[in-house]
Amino acid sequence: MISVQRITSFDKTEEQVCSCVRPEKYEDLFRLKGKAIVARGAGLSYCNAAASDNALVVDMRRMNRIIHFDAVTGTIEAEAGITIGELNAFAIAHEWIIPVLPGYPTITLGGCIAFNIHGKSQYKVGTFGDWVNSIALFHPAKGETTCSAVLNQELFGLTVGGFGLTGIILSATIRLKKLPHHGMQIERHFVSDINDAVKLMKEHSDQFEYVYSWNNLNAKGSHFGKGIVYLEKYVTGTDAPVKYKNRMAPGYRLPAVQNNFFVKLMCSTYYRLESMKSKKYVSGVTAGSFPIYGKEIYFHLFGKKGFREYQVLFPFDKWAAASDAIRILISKMNVSVALGSLKLFSGPTHYLSFAGEGVCITIDVQESKNAIAFFEKMDVLTIQYNGIVNLSKDSRLSGATVSTLFPDYESFKAGIHRADPQNLMQSSLKSRLNLRL
């Protein structure tokens, strides 16, 4: 049954009225042959990648079964609509773990593949697509196809990080990582500026499973990026199962309380509270798997207007100059940054995926005209220092800018056309990025 729904991007800056269906079984899905469609999972991407004015939005969340699990090899096959929290809990119960986890547990398996997401340890385990063995794909003109690194290779490469534009992911087989212990030791290391944070992260990246940071980008001068580096590794400990719920939706009804004063107070208070806690503690692996879960109030406080996020990856040899340029730009434009965070990346680039070698910095600001102007200048800075932007976290970039940022833009665009020559896979993101030939 087709229903009409108002779909809003996670950052709350895009909203569309869409025609939607929620298939219960494969027969329901296959009835959509010949129709323009787009798949939707949890709806937690920062842009409307799973919304369209012209296509039927296919909600995949009822296609959520585990199909097969091999406890010896650590491979698991599941339908695309299963949440990554459910899948990871199953893996942990069998002494395995998903190597690459997003920040929130209700994101679906299909969503992780479609955006080729990264986790807290990209420098060590790569992106989600690096752990995918095969994908079952449905296209409304071609029916069902299986693709992998050896079978239908181009289609596989385009589907991993392909924003759902090659077809609807029905299921996937992924490799798990053996779980050494059920405890996670977390250390807090306080740093005086953003470059000290990167230096510390590089020094400890080989000894720890996860390395990331929180940074106060409102701090001035030589203390820009003052913050905390978090180092995590597996240790002996106890764990407890968690029943995850999607707690994000209520935030759409809250009034915004973010302003310059509040943002700066929030950042200084967070730093102060963290400094009062133990510098080292042990958590259960399950509880520590999803850093955003339980902290949803942060997103709620932006209110109905929402926020903007800029996540950019700079090559290591450009990082010092790029970070200094960001410091100057934030000060010059008087932008209050609600969140600053760093991660280390390694590995090759892949079409329009957020992948490569370097330092990743995340910047959150309140939605406003000033935020748009700031991010437009960030685009110029990113191009200047050979960076790339995470398109899953951006609801603003144009196709022209993306084509400049990503060297493989034209190759990806041509590949999407070969996979979907009739343009039956449609989305707002596809239109904005000008990916239709």
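This is a predicted model: local features need pLDDT of at least 70, side-chain atom pairs count only at pLDDT 80 or more; totals for chains, interfaces and linings use all residues.
**Entry 1: Leu 381 and its contacts**

Leaving aside residues up to four places away in sequence, Leu 381 touches Phe 314, Ala 322, Ala 325, Ile 326 and Leu 329. I then asked how far apart Leu 381 and Ala 325 are in sequence and in space. They are separated by 56 residues in sequence, while their C-alpha atoms are 7.5 Å apart. Leu 381 belongs to helix α10, which covers residues 369-384. I recorded Leu 381 as buried because its relative accessibility is 7%, and the cut-off for buried is under 20%.

**Entry 2: The open sheet and its helices**

I traced an open sheet of 8 strands in the order β15-β12-β14-β13-β17-β18-β16-β19, with antiparallel pairing. Which strands are at the edges? They are β15 (280-284) and β19 (388-389), each of which pairs on one side only. I noted as background that strands of a sheet pair through backbone hydrogen bonds, either parallel or antiparallel.

Within the sheet I examined β17 (residues 339-345) and β18 (residues 358-366), which pair in the antiparallel sense over 7 bridges. Lys 343 stands opposite Cys 360 in β18.

Next I looked at the helices on this sheet. Helix α6 (residues 194-204) lies across β12 (183-191), β13, β14, β17 and β18, and runs at about 35 degrees to β17. Helix α10, the helix of Leu 381, also packs on the sheet, where it touches β16 (307-314), β18 and β19. The direction of α10 makes about 10 degrees with that of β16.

**Entry 3: Tyrosine pairs between β13 and β14**

I found that the structure holds 26 aromatic pairs. I examined Tyr 210 and Tyr 234, whose ring centres are 6.4 Å apart and whose planes stand at 70 degrees, so the pair is edge-to-face. Tyr 210 is in strand β13 (residues 210-216) and Tyr 234 in strand β14 (residues 226-235), so I noted a link between distant parts of the chain, 24 residues apart. Both are buried: Tyr 210 has 7% relative accessibility, and Tyr 234 has a relative accessible area of 13%.

How are the rings of Tyr 212 and Tyr 230 arranged, stacked or edge-to-face? Their centres are 5.3 Å apart and their planes at 20 degrees, so this pair is stacked. Tyr 212 lies in β13 and Tyr 230 in β14, so the pair ties together parts 18 residues apart in sequence. Tyr 212 is buried at 15% relative accessibility, and Tyr 230 is buried with a relative accessible area of 7%.

I also noted that Lys 120 lies over the face of Tyr 210, at 4.8 Å from the ring centre. Elsewhere, one aromatic cluster is formed by Phe 10, Tyr 46, Tyr 298, Phe 299, Phe 302 and Phe 307.

**Entry 4: Helix α2**

I asked which residues of helix α2 (residues 84-93) are buried. They are Ile 84, Gly 85, Leu 87, Asn 88, Ala 91 and Ile 92. These residues cover an arc of only 160 degrees around the axis, which puts them on the same side of α2. I recalled that an α-helix has 3.6 residues a turn, so residues three or four places apart point the same way. The buried residues of α2 pack against β5 (66-70), β6 (75-79), β7 (96-97), α3 (109-114) and β10 (168-175). Just after α2, Glu 95 takes a positive phi of about 70 degrees.

**Entry 5: A hairpin**

Last, I looked up β8 (residues 132-139) and β9 (residues 143-148), which pair in the antiparallel sense over 6 bridges. The two strands form a hairpin with 3 residues between them. The bridge partner of Ala 136 in β9 is Thr 146.

Notes
Residues are numbered from 1 along each chain as its sequence is written. Side-chain values use heavy atoms; hydrogens and water are left out. Two strands pair if DSSP finds at least two bridges between them. Helices (H or I, at least four residues) and strands (E, at least two) are DSSP runs, numbered from the N terminus. Buried means under 20% relative accessible area, exposed over 50%, partly exposed in between (1.4 Å probe, protein chains only). Contact means heavy atoms within 4.5 Å. The arc is that of the directions from the helix axis to the C-beta atoms. Rings of Phe, Tyr and Trp (its six-membered ring) pair if their centres lie within 6.5 Å; planes under 30 degrees apart count as stacked, over 60 as edge-to-face and the rest as tilted. A charge sits over a ring if NZ of Lys or CZ of Arg is within 6 Å of the ring centre and within 35 degrees of the ring normal. Axes are lines fitted to C-alpha atoms, for helices over the stretch in contact, and angles run from 0 to 180 degrees between N-to-C directions.
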